[in-house]
Amino acid sequence: MPCEGRCWETLQALRSSDKGRLCYHRDWLLRGEDVLEECMSLPKLSSYSGWVVDHVLPHMQENQPVSETSPSSTSASALDQPSFVSKSPDTSSAFSPASPATPNGTKDKDESQHTESVVLQSSRGIKVEGCIRMYELVHRMKGTEGLRQWQEEQERKVRALSEMASEQLKRFDERKELKQHKEFQDLREVMEKSSREALGHQEKLKAEHRHRAKILNLKLREAEQQRVKQVEQERLRKEEGQVRLRALYALQEEMLQLSQQLDASEQHRGLLKVDLAAFRTRGYQLCSLISGIIRASSELQVKVQDSTMQWYQQLQDASMQCVLTFEGLTNSKDSQAKKIKMDLQKAATIPVSQISTIAGSKLKEIFDKIHSLLSGKPVQSGGRSVSVTLNPQGLDFVQYKLAEKFVKQGEEEVASHHEAAFPIAVVASGIWELHPRVGDLILAHLHKKCPYSVPFYPTFKEGMTLEDYQRMLGYQVTDSKMEQQDNFLKRMSGMIRLYAAIIQLRWPYGNRQEIHPHGLNHGWRWLAQILNMEPLSDVTATLLFDFLEVCGNALMKQYQVQFWKMLILLKEDYFPRIEAITSSGQMGSFIRLKQFLEKCLQHKDIPVPKGFLTSSFWRS
């Protein structure tokens with residue numbers, strides 16, 4: 001297009017003009033009119049210009065040659081330093097505003113002179129400015145060097161202060177260590193002094209103690225000698241008393257045998273044609289006299305402790321009171337009352353007779369039946385329903401008969417079959433725990449039939465018949481005839497075995513948190529009291545063997561070392577006393593006990609008794 005060609009020509013002409021050839025800085029476009037104002041404003045001197053004019057320029061002019069001091073050369077040299085002078089494209093425009101041209105030659109001359117003066121002034125100002133900047137640079141370099149030297153000085157001071165502080169810290173630590181050492185030394189000296197004083201005091205106390213101990217030992221030695229003398233005298237008295245007592249027992253036994261012989265010869269009285277009544281009466285008198293002598297001479301040798309005798313008597317009184325309670329039922333002539341009594345007696349005694357070692361479940365059925373009867377519940381007996389509520393005295397009657405049957409089972413069943421003691425005992429123990437009165441009645445019956453279970457050795461009392469005394473000793477007397485010794489020992493053995501089983505067994509389905517109503521502590525008491533009493537020929541050895549064979553294992557586990565000490569006492573002290581009163585024909589029971597005890601002591605163990613109920617029995 002023609003217009004486009006003209007535009008390019010116009011642009012090219014503008015570019016070729018003076019203003020088009022000017023160079024512009026990019027920042028000026030951003031700064032705007034400020035740039036023009038700086039160009040048009042008068043130049044300003046630095047704040048150091050006065051000091052430079054007074055101090056620097058005079059020295060510079062003196063040192064420079066004349067040629068160098070001329071304005072032209074000065075301006076030239078100053079203009080040749082690009083680092084101190086900023087170039088300007090228009091010098092005249094930088095110092096004065098443009099003035100219009102005048103045709104007047106004078107005016108041009110004035111302008112020329114004025115321009116030269118301005119140029120001279122400008123070159124001098126540039127030189128001054130350069131000097132100022134050089135001074136500023138030198139001053140800045142001096143300041144930097146001074147700052148560096150100051151920093152180095154400060155670092156040297158810091159190092160010196162650090163070294164001094166380190167040395168002071170070392171000195172402080174040394175003084176502190178020295179002070180601590182001194183304090184430690186002082187403390188050790190104080191402790192050593194206190195220790196020396198304490199040792200001195202202790203030595204003084206030791207000396208006093210030795211002196212007092214010496215005096216005390218003398219007194220103790222005298223007291224010990226006196227005690228040994230008294231013990232020896234007491235032992236001699238006891239030995240003499242025991243010898244006399246054994247002789248009296250032998251006489252008493254001989255008198256009893258003579259009385260039995262007189263009873264046996266009563267059948268032949270017609271052949272002898274002699275009245276033996278006087279001899280029999282005299283025999284009774286002699287027995288009574290010997291028993292009185294035994295009581296007087298033995299003191300507490302054959303007697304139990306007073307507390308045990310009181311307990312024994314209380315049980316017998318409770319048993320008699322129970323009998324009196326149901327006396328109306330036993331003596332009633334009413335047929336209905338007799339029938340109730342018979343049914344209650346069967347309901348109480350038949351289950352006890354059925355106790356065996358067949359199975360634990362069978363034993364539980366028997367126990368539940370007895371417990372239900374005592375609790376007032378109806379039970380089946382002989383095809384009829386029986387309950388203690390049928391009669392006001394029914395419960396007392398059943399409790400008494402039940403306890404009597406338990407003891408009778410020990411007397412008969414256990415005497416013949418030793419293993420039967422454990423099932424009977426476990427049922428009795430369970431009933432005892434739930435019905436304590438039955439337990440007291442069991443003890444009363446047991447003590448009455450076997451006084452050695454207390455233990456208690458009855459003595460012959462004045463006015464007592466021989467048959468009554470024999471019954472008190474536990475013998476069965478029928479038609480004035482005393483049972484044989486073997487049968488007597490067999491029955492006593494069965495009851496002691498039952499008692500030894502009861503004190504160690506508990507009903508497995510009962511409350512384990514409750515204590516045993518008559519536990520092993522009573523077994524320990526029984527054994528200790530037996531050893532404190534004079535032995536009886538044949539009886540003591542038999543009962544000790546039965547008791548230890550059944551209950552020895554349980555006592556060993558319960559009392560451990562103390563039980564073994566008691567067995568050693570039995571062997572070393574009691575065996576000689578048993579052997580001394582045992583005749584040659586009665587040594588069987590003593591030898592059996594001795595062999596059993598020696599075997600236990602040798603193996604340091606007492607075997608579990610035969611027939612003991614294990615956990616497998618209750619699962620059957």
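This is a predicted model: local features need pLDDT of at least 70, side-chain atom pairs count only at pLDDT 80 or more; totals for chains, interfaces and linings use all residues.

Me: What makes leucine 14 count as exposed or buried?

Reply: Leucine 14 has a relative accessibility of 52%, and exposed means over 50%, so leucine 14 counts as exposed. This residue is found in helix α1 (residues 2–16). Together with Trp8 and Leu11, Leu14 forms a nonpolar patch on the surface, with about 390 Å² of accessible area together.

Me: Why is glutamate 183 called partly exposed?

Reply: Its relative accessible area is 44%. Buried would need under 20% and exposed over 50%, so glutamate 183 falls in between and is partly exposed. Glutamate 183 lies in helix α9 (residues 105–264), and a negative surface patch is formed by Glu183 with Asp186, Glu189 and Glu192.

Me: How do you know that aspartate 396 and arginine 437 meet in a salt bridge?

Reply: The N to O distance between their side chains is 2.4 Å. The cut-off is within 4 Å, so the pair qualifies as a salt bridge. The pair links distant parts of the chain, with aspartate 396 in helix α16 (residues 394–416) and arginine 437 in helix α18 (residues 436–449), 41 residues apart. Aspartate 396 is buried at 13% relative accessible area, whereas arginine 437, at 33%, counts as partly exposed.

Me: What makes phenylalanine 575 and phenylalanine 590 an aromatic pair, and which kind of pair is it?

Reply: Two numbers decide this. The rings are 5.6 Å apart, centre to centre, and pairing requires centres within 6.5 Å, so they pair. The planes stand at 75°, and over 60 counts as edge-to-face, so this pair is edge-to-face. Phenylalanine 575 lies in helix α23 (residues 561–581) and phenylalanine 590 in helix α24 (residues 587–603), so the pair ties together parts 15 residues apart in sequence. Both phenylalanine 575 and phenylalanine 590 are buried.

Me: How many aromatic pairs are found in the whole structure?

Reply: The search finds 17. Elsewhere, ring pairs link Phe367, Trp507, Tyr509, Phe617 and Trp618 into a cluster.

Terms used
Residues are numbered from 1 along each chain as its sequence is written. Side-chain values use heavy atoms; hydrogens and water are left out. Patches are made of residues with over 30% relative accessible area and no salt bridge: like charges are joined within 9 Å, nonpolar side chains (Val, Leu, Ile, Met, Phe, Trp, Tyr) within 5 Å. Accessible areas come from the Shrake-Rupley method with a 1.4 Å probe; for residues, only the protein chains shown count as cover. Lys and Arg count as positive and Asp and Glu as negative; His and the chain ends are not counted. The place of a charge is taken as NZ of Lys, CZ of Arg, CG of Asp or CD of Glu. Helices (H or I, at least four residues) and strands (E, at least two) are DSSP runs, numbered from the N terminus. Buried means under 20% relative accessible area, exposed over 50%, partly exposed in between (1.4 Å probe, protein chains only). Rings of Phe, Tyr and Trp (its six-membered ring) pair if their centres lie within 6.5 Å; planes under 30 degrees apart count as stacked, over 60 as edge-to-face and the rest as tilted.
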